[in-house]
Amino acid sequence: MQADAVIAVSNYTKQKIIENYGIPESKIKVVHNAIDKDDIPSVEVQKSGEKTVLYLGRITLQKGPDYFIAAAKKALEADPNIRFIIAGSGDMEPRIIEQAASLGIAHKVLFAGFLTGKDIHRAYRMADLYVLPSVSEPFGITPLESVMNQTPVIVSKQSGVKEVLKHCLQVDFWDVNQMANKMVAALRYKELHSELQRNSYDEASRLSWSKSAQHCIEVYNNVLGGTT
C-alpha cells in the first residue's frame with residue numbers, strides 16, 4: 001500500500017495482487033520475465049526410442065506433480081510407449097513415488113533427482129515434451145528454457161508464462177484428462193509437434209532480460225517524475 005508502483009511478473013500475478021491485497025490496478029505495472037538465447041548452453045544428447053515427457057521443478061503442492069502423474073497414467077492408457085521423467089526434489093517426492101507405484105506406472109516414471117547446470121538442459125533436450133502443471137505460477141520460466149532447447153511445452157492456464165509464450169498447449173492444472181490428451185497429441189502428430197517446436201522457439205528468442213530491465217527503468221522513471 002505504501003509503494004508508489006508495484007511491478008508484477010505477469011497479468012496473472014497482477015490480478016492476484018488486486019484480489020488479495022486490494023492494490024489499485026493503476027499502481028501495478030507488468031514486466032514479464034524473459035530468457036536470453038546466449039544463456040542456453042550447447043549440449044549433446046542421445047535420445048532413446050521411447051517418447052519422453054519431462055516434469056522439471058520443485059516437487060511441491062504448488063507445482064502440481066500429483067496432477068502430472070495422474071495425467072501420465074491416462075496418457076499411458078492411450079499410448080504405452082511413453083516414458084516420464086521427474087527431475088527435481090521437494091517435500092512431496094515420497095508421495096509422488098507412492099502415487100506412481102499405486103497407479104501401476106512406476107516402471108514408466110524415472111525420478112532423476114535435483115539437476116543443475118548443463119544437466120538441466122540435457123534433460124530438456126532428451127525430452128520430446130515438457131509439462132508445467134502448476135496449480136498457481138506467478139510466471140514460470142522453465143517453459144522458456146524448454147522451448148529454447150527445442151522441446152515444445154504444455155503449460156497450465158494458472159501460470160503467467162502463457163502471456164508471452166502463445167505457441168504452447170494450455171490446460172487447467174486439474175483437468176488431467178485434457179492434459180493426457182494433449183500429451184498424446186503432441187507426441188503422436190509430427191506436424192503439431194514441429195509447429196509448436198518451431199514457433200515457440202522463435203517466440204522465446206525475441207525475449208531478453210535487457211528488454212525487461214528497460215521496462216523496469218521506465219517504471220522507476222515514471223515514479224520519479226520522468227527524471228533519470
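This is a predicted model: local features need pLDDT of at least 70, side-chain atom pairs count only at pLDDT 80 or more; totals for chains, interfaces and linings use all residues.
Q: Where does Gln 150 lie in the chain?
A: Gln 150 sits in the loop that joins helix H5 (142-148) to strand S7 (153-156).

Q: Why is Gln 150 called partly exposed?
A: The relative accessibility of Gln 150 is 31%. Buried requires a value under 20% and exposed a value over 50%, with partly exposed in between. Gln 150 therefore counts as partly exposed.

Q: Why is Thr 142 called buried?
A: Thr 142, a residue of helix H5, has 16% relative accessibility. The limit for buried is under 20%, so Thr 142 counts as buried.

Q: Which residues does Thr 142 touch, not counting residues up to four places away in sequence?
A: With those neighbours in sequence not counted, Thr 142 touches Leu 56, Tyr 124, Tyr 130 and Leu 132.

Q: Why is Tyr 55 called buried?
A: Tyr 55 belongs to strand S3. The relative accessibility of Tyr 55 is 2%, and a residue is buried when the value is under 20%. Tyr 55 therefore counts as buried.

Q: What surrounds Tyr 55, not counting residues up to four places away in sequence?
A: Under that condition, the residues that Tyr 55 touches include Lys 63, Phe 68, Ile 86, Tyr 130 and Pro 133. Tyr 55 and Phe 111 are 56 residues apart in sequence, while their C-alpha atoms are 9.7 Å apart in space.

Q: Why is Lys 211 called partly exposed?
A: Lys 211 is placed in helix H8 (residues 209-223). Its relative accessibility is 47%, and exposed would require over 50%, buried under 20%. Lys 211 therefore counts as partly exposed.

Q: How far apart are the C-alpha atoms of Lys 211 and His 32?
A: The two C-alpha atoms are separated by 9.5 Å, although the residues are 179 residues apart along the chain.

Q: Which residues touch the most other members of the largest nonpolar core?
A: This core has 30 residues, and Val 53, Phe 68, Phe 84 and Met 183 touch the most other members. Among the elements that give two or more residues to this core are strand S3 (51-56), helix H2 (65-78) and helix H6 (176-188). H6 provides the largest share, seven residues.

Q: Which residues does Val 53 touch, not counting residues up to four places away in sequence?
A: With those neighbours left out, the residues touched by Val 53 include Phe 68, Phe 84, Leu 129, Met 183 and Leu 187. A second, separate core has 24 residues, including Ile 85, Ala 123, Leu 165 and Tyr 201.

Q: How do you know that the radius of gyration of the chain agrees with a compact globule?
A: A compact globule of 228 residues would have a radius of gyration near 17 Å. The chain has 19 Å, which agrees. Its C-alpha atoms fill a box of roughly 60 × 35 × 30 Å along the principal axes.

Q: What share of the residues counts as buried?
A: Of the 228 residues of the chain, 46% count as buried. The accessible surface of the chain comes to about 11,500 Å², and 51% of this area belongs to carbon and sulfur atoms.

Q: How many helices and strands are there in the chain?
A: The chain has eight helices and eight strands. Among contacts with a separation of 6 or more, 68% join residues 24 or more positions apart.

Notes
Residues are numbered from 1 along each chain as its sequence is written. Side-chain values use heavy atoms; hydrogens and water are left out. A nonpolar core is a set of buried Ala, Val, Leu, Ile, Met, Phe, Trp, Tyr and Cys residues joined through side-chain atoms within 4.5 Å. Buried means under 20% relative accessible area, exposed over 50%, partly exposed in between (1.4 Å probe, protein chains only). Helices (H or I, at least four residues) and strands (E, at least two) are DSSP runs, numbered from the N terminus. Contact means heavy atoms within 4.5 Å. The radius of gyration is taken over C-alpha atoms; the globule rule is 2.2 Å times the number of residues to the power 0.38. Accessible areas come from the Shrake-Rupley method with a 1.4 Å probe; for residues, only the protein chains shown count as cover.
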